[in-house]
Amino acid sequence: MENPRNLVIVIFGASGDLTSRKLMPAIFSLNSQKMMPEKFAILGVGRTKMTNEDFREKMSNSIVSFSEEKVTDKNLISNFVKDLYYHSMDNVPESGYSGMKSCLQEIDNNYGVGGNYIFYMATPPSMYEVIAVNLAKAGLCKQDNGFRRVIIEKPFGYDLESGRKLNRTLHELITEDQIFRIDHYLGKETVQNLLVTRFANGMFEPLWNRNYIHRVEITSAESIGVEERGGYYDSSGALRDMVQNHLLQMVGLTAMEPPSSLDADAIRNEVLKVFQSLQPIKEEDVPKQVIRGQYTGSLIRGECVTGYRYEKGVSVTSRTETYVAMKFYINNWRWGGVPFYIRTGKRLPTRVTEIVVHFKQTPHHLFQREAGKLSANQLIIRIQPDEGMLLKFDMKEPGAGFNVKNVNMDFHYKDLANIRIPSAYERLIHDVMIGDSTLFSRDDEVETAWKFLDPIQRAWATNPAIKVFGYPAGTWGPEHANDLIEGDDLTWRYPCKNLADEELYCEL
Ligand code: BG6
């Protein structure tokens, strides 16, 4: 594995939640695995007033609280946090950046990192543009000595127009290969494993098309509500928060053609082609193809759960969706006529992300008399939790006659090796350090995804007759989502925490 060059990571939004919960534990873990450069420092930038010591203490606590593995070695933490620095400033006025630059240069001189800087924007999205402009004005984006890379969190824009504008502004300041747009789903091992499953095995490819696949279903369910993020979420909603990025990227990797190589652009070109082939949903078809919902208060396992409208930071008249289910088509030779169903929601019964490939029924039901209606084969690719794959197919029940039983063949990722699965942020931060942009969204991908979703956002914003269905927290969302699925008696899969269980036999 390539070793990153010595560098400084500057984190804007260093006093925020993302830094504490995800970024610092991830960098700490990379350091513990000796995957950080020989010399590195982290400069946190934020509005909150803090000394270096305060910042180090806060981050030590975050590492203890939020690391995926329990961290017991205090020396390991204190050794790590000694390379953390903090600079307090308001991101908006240009004048603040000269102080930040001096601080950065001093660290650079002390550590000898040769001008290699990564700027991580872990701020509210409204700050991305102004920070980039100010960094450029301070001369911090030029790569005369050392590399300069910018990591941008999602959401990248609010719609097509704002996404385009942000791209345009960034391109005036830096080149596309300096920009790393984070979609943390692409950092998940099991999402990357989709490429291996599809393209390292000869047996899937011949079946992976309209001739054998009846429909594809992708679910990303969460059991938590909006927690402390009501303010952000109420202006975003599930379509922008989850569909525009995570779900569409999973669609891209499931539906793409084999890339010519593993080069960043070879893979991203194929994902882009899928996005370009999405059959546009007309505004008038939105009610037929897209169902939105919002969770209402309920009792889950004896505990009262607040409805969305009563969450902190949310308007009591909010029509923001906490659930979306949609049906669409991909207009190309591989997928023409195959419906794709995707859904995501908060406060659903369990946390699960999976891709279900439903194969077509056999053309002739030889065992119909004995077995009744046969179930079609399903391949389930489980992204999280209980990561793995499940194949559902029919077998003869032992004994007289031809009784047919649907059985499971399951593979659990954890059985593959005794290696821990790195967090998505570890993988992605490491990739930025070595300059590999394969797992980051490119400008054209982001814009094409917005282009597909814009008519839905417009229809929702302008047509109050399009319903927002309430669903009790802890249920699978509005029942109307089942009406999207074409075919008698067909429904979504109702998955459980454990890969091989579903519906009634569930561990939630
Ligand atoms: C984030 C969304 O991108 O993904 C959150 O903003 C969501 O609302 C989260 O909770 C889900 O990520 P994961 O990795 O827990 O599936």
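Select isoleucine 380 and then leucine 390 in strand 15: the two are bridge partners. Strands here are DSSP runs of E with at least two residues, helices are runs of H or I with at least four, and both are numbered from the N terminus. The model is predicted; local features need pLDDT of at least 70, side-chain atom pairs count only at pLDDT 80 or more, and totals for chains, interfaces and linings use all residues. Residues are numbered from 1 along each chain as its sequence is written, and side-chain values use heavy atoms, with hydrogens and water left out.

Two strands count as paired if DSSP finds at least two bridges between them.

Return to strand 14 and select glutamine 378. Is this residue buried or exposed? Glutamine 378 is buried, with a relative accessible area of 16%; buried means under 20%, exposed over 50% and partly exposed in between, with a 1.4 Å probe and protein chains only. Leaving aside residues up to four places away in sequence, glutamine 378 touches, among others, Val356, Phe359, Leu391 and Arg493, where contact means heavy atoms within 4.5 Å.

Angles run from 0 to 180 degrees between N-to-C directions, and axes are lines fitted to C-alpha atoms, for helices over the stretch in contact. Eight of the eleven residues of helix 7 are buried, including Val191, Leu194 and Arg198. Their cover includes helix 9 (237-255), helix 10 (264-277) and helix 13 (424-434), as well as strands 13, 14 and 15.

Finally, move to helix 2 (residues 52-66) and helix 3 (residues 74-81), which pack at an angle of about 135 degrees with their axes 10 Å apart. At the contact, Arg56, Ser60, Ile63 and Val64 in helix 2 meet Ile77, Phe80 and Val81 in helix 3.
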